[in-house]
Amino acid sequence: MLNRSQAPHIKDAVEYQIELKKPNIFKLDNGVDVYNIQAGTEDVVQIEWVFKAGNWFEEKKLVASAANFLMKNGTSKKSAYEINEYVDFYGAYLNRSCYNETAVVTLHCLTKQLEYLLPLVQEIFMDAVLPEEELSIYQQNMKQRLAVNLKKCDFIAGRKIDALLFGEKHPYGVFSEMNDYDALKQSELKSFYETYYKNGHCTIFSAGILPANYQQLLNNYFGQLSFNKTMINKRVHPIEPSAQKKWNILNDPDGVQGAVRIARSCPLPSDPEFPKLQVLNILFGGFFGSRLMTNIREDKGYTYGIYSYLMNHIHASALLISTEAGRDVCEATVKEVYHEMDQLKSGVIEKDELLLVKNYLIGTLLGDLDGPFHIISRWKNLILHGMDESHFNYYVHTIKTIQAAELKNLAEKYLNSEEFYELVVV
């Protein structure tokens, strides 16, 4: 019988056992790998076609992102309007995104409508015409968006810090200018589309309540295509960081706020130190209760929020501190960031503070694994980085077992002010 005179045990998040549900894996007739999570309570499906077609593979700036955007804007049989009407008729969502190494086409729909939508996706992959008129509209819209963004210190800072870390010619550091949009040509986009989509390298990730004939459906529409038949050129992009570490840029003489970025390189996500750095990062500036937030927001009142991040790129990574502050306190903000670095190297990490960080990380992880879409997203991240389930288990184990002394050693290794790029844009 329940003893109501005793309070129930409050269970810390670190006490939970976390397992990553394994995906079902099969290959289409053309060798395309398909990873799927059969789970959920609603009859909905998410499918992601991931291509090696990011800006890592382009010869000319913006070609990858423009081709990715325009491939949905018309085939030889359907206009952009007709494609969107078709998708809307079935209550579905069809989107595309372009990243550094990969480009993705994503479909969300009801399970029962999947067989009507897959032919459209196949048509986009095989018969996109990237219309000239749609390219013209895209150029105009993107130039207008860029003109607006260039007035924002935060936008300038985000572009510049990447260029400082990796070099302006590196895919991680390159940024667009107005004339880059003007220089786009339909023939170049079609060539990129032919190479990296129509005859490109594809991997499929799917989740939800998948139909019983799901494998057959995918094979019918995508198993006979020219995917994965030719080797994608493994392009090499040397990292050329800036020799100058400290930068001050005047972007808006009349502005009252500035953007601060402080960053340095760090190990790749596949490195054994990366999960440990993730714990250190949360403690330092990765959540609302972090040391940076407590000092610079709560105590000093310099900013509404300040955070630190670990970049999750495939070929390189970095630790980045980001905030916006009053332009008269930007330099003071930078000083306090370095002060908190010194405190982590020389001060004490209390047991309760470390437990809070561990519970936050495990709690966030539990939220990230809530539902099939989140689970397949975790697997996609592992697979694209060349990792497997053991890396996930190691990450969980690291969170639960890492001690204050290890974090202090990491701080001494990675939180040295002279190794950071420092950028203030006002």
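Which residue forms a salt bridge with D180? Select K61: the closest N and O atoms of the two are 2.9 Å apart. A salt bridge here is a side-chain nitrogen of Lys or Arg within 4 Å of a carboxyl oxygen of Asp or Glu.

Before going on, note that this is a predicted model, where local features need pLDDT of at least 70, side-chain atom pairs count only at pLDDT 80 or more, and totals for chains, interfaces and linings use all residues. Residues are numbered from 1 along each chain as its sequence is written, and side-chain values use heavy atoms, leaving out hydrogens and water.

**Stop 1: salt bridges**

Stay with D180 and K61. D180 lies in helix 6 (residues 178–182) and K61 in the loop between strand 3 (44–51) and helix 1 (63–70), so this pair ties together parts that are 119 residues apart in sequence. Helices (H or I, at least four residues) and strands (E, at least two) are DSSP runs, numbered from the N terminus. D180 counts as buried at 13% relative accessibility, while K61 is partly exposed at 31%. Buried means under 20% relative accessible area, exposed over 50%, and partly exposed in between (1.4 Å probe, protein chains only).

Next, pick R264 and E419, whose closest N and O atoms are 2.3 Å apart in another salt bridge. R264 sits in strand 8 (residues 257–266) and E419 in the loop between helix 15 (404–414) and strand 11 (421–425), 155 residues apart. In total, the structure holds 22 salt bridges.

**Stop 2: aromatic rings**

Now show F125 and F227. Their ring centres are 6.0 Å apart and their planes at 70°, so the pair is edge-to-face. Rings of Phe, Tyr and Trp (its six-membered ring) pair if their centres lie within 6.5 Å; planes under 30 degrees apart count as stacked, over 60 as edge-to-face and the rest as tilted. Both F125 and F227 are buried.

**Stop 3: charges over rings**

Select R96 and F69: the charged end of R96 sits over the ring of F69, 4.2 Å from its centre. Such a charge has NZ of Lys or CZ of Arg within 6 Å of the ring centre and within 35 degrees of the ring normal. Then try K160, which lies over the face of W247 at 4.3 Å from the ring centre.

**Stop 4: Y309**

Finish in strand 9 (residues 306–310), where Y309 lies. Y309 counts as partly exposed, at 43% relative accessibility.
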